[in-house]
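The points below may be read alongside the sequence and the coordinates.

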Amino acid sequence: MLLKLAWRNLWRNKLRTSIVLGAMVFGLVGVTLMIGFMNGMMDNMISNTVNWQTSHLQVHKKGYSADPEIHKTIESSRGLELLLDKTAQIKVWTSRHLAQGMIASARSTRGITINGIDLQKEALITPLAQNIYDGVWLDDKGRNPILVSKKIAQRLKLRAGSKVVLTFTDKNGDVSGAAFRVRGLFETPSSAFDEMNVFVRKADLQLLSGIEGDHEIALLVNDIKQLESVKEKVRGAMAQSNSVQNWEELQPMLAAMSASMASSNIIILVIFVLAMGFGIVNILLMSVFERTCEFGVLMAVGMQKHKILQLILLESTFLGLVGATLGLLLSLAALSILNVTGISLTAMADGLSAMGLDTLLYPQVPASDFAVIFITVVLASFLAGLYPARQILKQEPVQAMSEKH
Amino acid sequence: MSIKLEQLCKIYNADTDFPVHAVNHLDLEIKQGEFVAVMGPSGSGKTTLLNMLGGIDTPTSGKVLIDGNNILQLHDKQLIAFRRDNIGFIFQDYSLLPVLTALENVEFVMQLQGHSEQECRKRATDLLIRVGLAEHLHKRPAKLSGGQQQRVAVARALAPSPKFVMADEPTANLDAKSTAELLDIMQQLNEQEGTTFIFSTHDPRVISRAKRVIVFEDGLKKEDTVQTEVSQ
């Protein structure tokens with residue numbers, strides 16, 4: 001009977017309850033979409049970084065990342081490569097020969113990282129080969145082909161077929177260089193990456209640098225949950241002078257942003273829940289105060305105070321349950337639509353590119369976030385009933401019955 | 001079972017320069033099975049007296065003894081349980097729960113006593129049939145007339161099988177026909193089941209039916225008479 005009474009009391013003033021529920025539902029949809037958008041943005045930033053730049057793990061010679069000198073190649077890389085080939089948890093791996101240098105056209109010069117790549121493996125580990133906009137992907141034909149980004153091409157006034165000169169310091173510390181012909185232009189989601197990288201065949205670069213080894217091994221694992229075990233396996237197989245880092249260690253800023261995302265989502269949720277909680281307290285105060293006389297009658301006819309407390313808390317909890325359910329269902333529907341259409345942010349393309357983001361974002365809210373939002377809203381609604389209940393319970397029956405509204 | 005009041009006082013605004021003695025050193029005894037009307041002008045203290053008799057208001061001083069036990073010494077929880085099991089209330093404005101049907105309103109108080117759903121349903125239905133509402137069991141109060149609502153209130157007051165029923169001006173909002181029907185029902189219940197009815201009223205129709213009439217004025221008992229000739 002108490003459940004029935006609470007449920008019917010909730011709908012006594014349909015307009016008022018509907019207005020509160022409306023506020024809860026729209027607030028929840030807003031919060032859920034906001035969280036989804038933030039999660040989607042962060043996931044996009046991470047996946048772009050992993051897919052285009054860092055892969056899951058990278059091996060370098062210790063100290064190379066801080067001071068990328070050309071002679072700091074990975075030691076005993078042959079044994080490591082054999083292990084990488086044999087490890088089933090590794091999806092794909094590649095090795096790169098890198099050089100810090102300059103690219104010069106007839107118009108301008110820029111500082112860049114020259115990536116000497118294994119053509120077949122690089123095409124598997126990054127989406128570079130599928131994102132050539134002018135010209136074609138590198139192949140074995142021709143002398144010194146090079147891929148430059150659209151950004152560099154714009155700055156240096158290049159197009160497919162243009163000639164550029166690469167210069168860098170070779171193993172003897174002398175300036176070495178050669179002419180390359182632009183085979184194609186690429187574009188990644190990160191303008192910062194695009195401005196700093198060019199790609200050539202590894203053999204061409206090794207010939208010019210006079211160094212046989214590689215500076216970087218990058219790999220992707222099949223299952224991200226196995227990343228740490230693969231990392232330990234790689235660490236165990238390589239020389240002590242090498243280091244292995246996961247994407248979070250390679251991009252600490254991104255990892256920190258990702259870690260703080262959970263906190264910012266909680267802050268958004270807390271602000272919403274507090275605002276909603278005060279709204280519910282307000283509505284319940286109105287609702288119970290206009291029924292003060294009725295509560296007095298209930299006490300007079302023998303309803304114990306804890307039962308009255310239960311009744312008011314049930315009403316507030318029902319309000320939370322209905323609001324949270326409707327709000328999350330509507331959020332789910334909105335997210336389903338946005339997961340098909342995506343959220344287009346082409347107007348902010350330049351800014352997003354600087355952050356390594358795509359212009360079409362897909363909001364993501366994991367089931368666990370839905371559960372947290374639901375529980376938090378219901379719990380807050382339950383707690384919001386305590387204050388109005390206290391105001392009623394401290395009255396004596398006759399005092400409550402004399403309150404006429 | 002009897003109710004005995006000893007030197008009962010209720011003073012409103014006691015701390016001010018204008019204290020109001022709603023009940024002033026009252027001694028009174030009401031025995032089980034009585035049909036008592038407490039009459040007096042508005043503001044004479046009738047309702048305050050009934051509230052203290054029913055244990056929903058606390059006197060400033062004095063005792064409310066029920067079978068020799070002072071109910072004012074009961075803890076809050078014990079007092080609520082005492083009211084639930086021994087006292088039925090009928091209010092001037094009916095005070096039914098508007099979201100429950102007539103049947104549910106009556107069942108509800110029995111459920112507070114811990115009776116099974118079946119028991120509650122059976123007794124509530126019987127009581128409502130007895131007060132002439134067989135056709136209206138599933139109607140909410142808003143769909144019932146004032147007289148019908150007050151009958152539901154009577155059934156609700158009687159549902160927990162109380163020893164005493166306190167009725168605060170129960171006919172004040174009723175027409176002559178409804179008043180007569182309601183009084184018939186209550187008189188019948190008093191005679192057949194021995195339920196004690198205590199009314200506060202200034203309705204002559206109620207007073208003419210009462211076996212005992214207490215005249216109350218300015219918080220004092222002015223008259224206390226047993227009527228030998230009672231209207232039917």
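Which domains does the domain assignment of chain A give?

1. The model under review is predicted. For chain A, the domain assignment gives domain 1, made of 2-50 + 254-401, and domain 2, covering 63-240. Between the C-alpha centres of domain 1 of chain A and domain 2 of chain A there is a separation of 50 Å. Six residues from domain 1 of chain A and four residues from domain 2 of chain A take part in the contact. On the side of domain 1 of chain A that touches domain 2 of chain A, two residues are nonpolar, three are polar and one is charged.

2. A helix pair in chain A deserves attention. Two packed helices are described by the angle between their axes and the distance between the axes. Helix α10 of chain A (residues 252-289) packs with helix α14 of chain A (residues 367-384) at an angle of about 35°, and their axes are 9 Å apart. The crossing in which α10(A) passes α14(A) is right-handed. From α10(A), the contact is made by residues including Leu269(A), Val273(A), Gly277(A) and Leu284(A); from α14(A), those taking part include Ile373(A), Thr376(A), Ala380(A) and Ser381(A). By class, the residues of the contact of α10(A) with α14(A) comprise 11 nonpolar, three polar and no charged.

3. Met38(A) may be considered next. Met38(A) is placed in helix α2 of chain A (residues 14-54). Is Met38(A) buried or partly exposed? Met38(A) counts as partly exposed because it has 18 C-beta neighbours inside 10 Å, whereas a buried residue needs 20 or more. Met38(A) and Met261(A) are separated by 223 residues in sequence, yet their C-alpha atoms are 7.6 Å apart in space. When neighbours within four places in sequence are left aside, Met38(A) is in contact with Met261(A), Ser264(A) and Asn265(A).

4. The nonpolar cores form a further topic. The largest nonpolar core has 109 residues, of which Val36(B), Val38(B), Val106(B) and Ile198(B) touch the most other members. Helix α12 of chain A (residues 305-341) gives the most to this core, namely 10 residues. A second, separate core has 27 residues, among them Ala99(A), Ile112(A), Ile114(A) and Leu205(A).

5. Two residues of chain B may be read together. Not counting residues up to four places away in sequence, Val106(B) touches Ala124(B), Leu127(B), Leu128(B), Val152(B), Ala155(B), Arg156(B) and Ala159(B). Arg156(B) lies in helix α5 of chain B (residues 146-158). Arg156(B) has 28 C-beta neighbours inside 10 Å and therefore counts as buried. Arg156(B) and Asp175(B) are 19 residues apart in sequence, and their C-alpha atoms are 21 Å apart in space.

6. The last point concerns the two chains. How many residues of chain A are in contact with chain B? There are 15 residues of chain A in contact with 17 residues of chain B. On the side of chain A that touches chain B, the elements giving two or more residues are α1 (2-10), α11 (292-300) and α16 (397-401) of chain A. The largest share of that side, four residues, comes from α11(A). By class, the side of chain A that touches chain B has nine nonpolar, three polar and three charged residues.

Terms used
Residues are numbered from 1 along each chain as its sequence is written. Chains are lettered from A and ligands numbered from 1 in the order in which they are written. This is a predicted model: local features need pLDDT of at least 70, side-chain atom pairs count only at pLDDT 80 or more; totals for chains, interfaces and linings use all residues. Axes are lines fitted to C-alpha atoms, for helices over the stretch in contact, and angles run from 0 to 180 degrees between N-to-C directions. A crossing is left-handed if the near helix is turned anticlockwise from the far one by less than a right angle, and right-handed if clockwise. Two residues are in contact if their C-beta atoms, placed from the backbone, lie within 7 Å. Ala, Val, Leu, Ile, Met, Phe, Trp, Tyr, Cys and Pro count as nonpolar, Asp, Glu, Lys and Arg as charged, and the others, Gly among them, as polar. Domain bounds come from an automatic or database domain assignment. A nonpolar core is a set of buried Ala, Val, Leu, Ile, Met, Phe, Trp, Tyr and Cys residues joined through C-beta atoms within 7 Å. A residue is buried if 20 or more other C-beta atoms lie within 10 Å of its own, exposed if 12 or fewer, and partly exposed in between; C-beta atoms are placed from the backbone.
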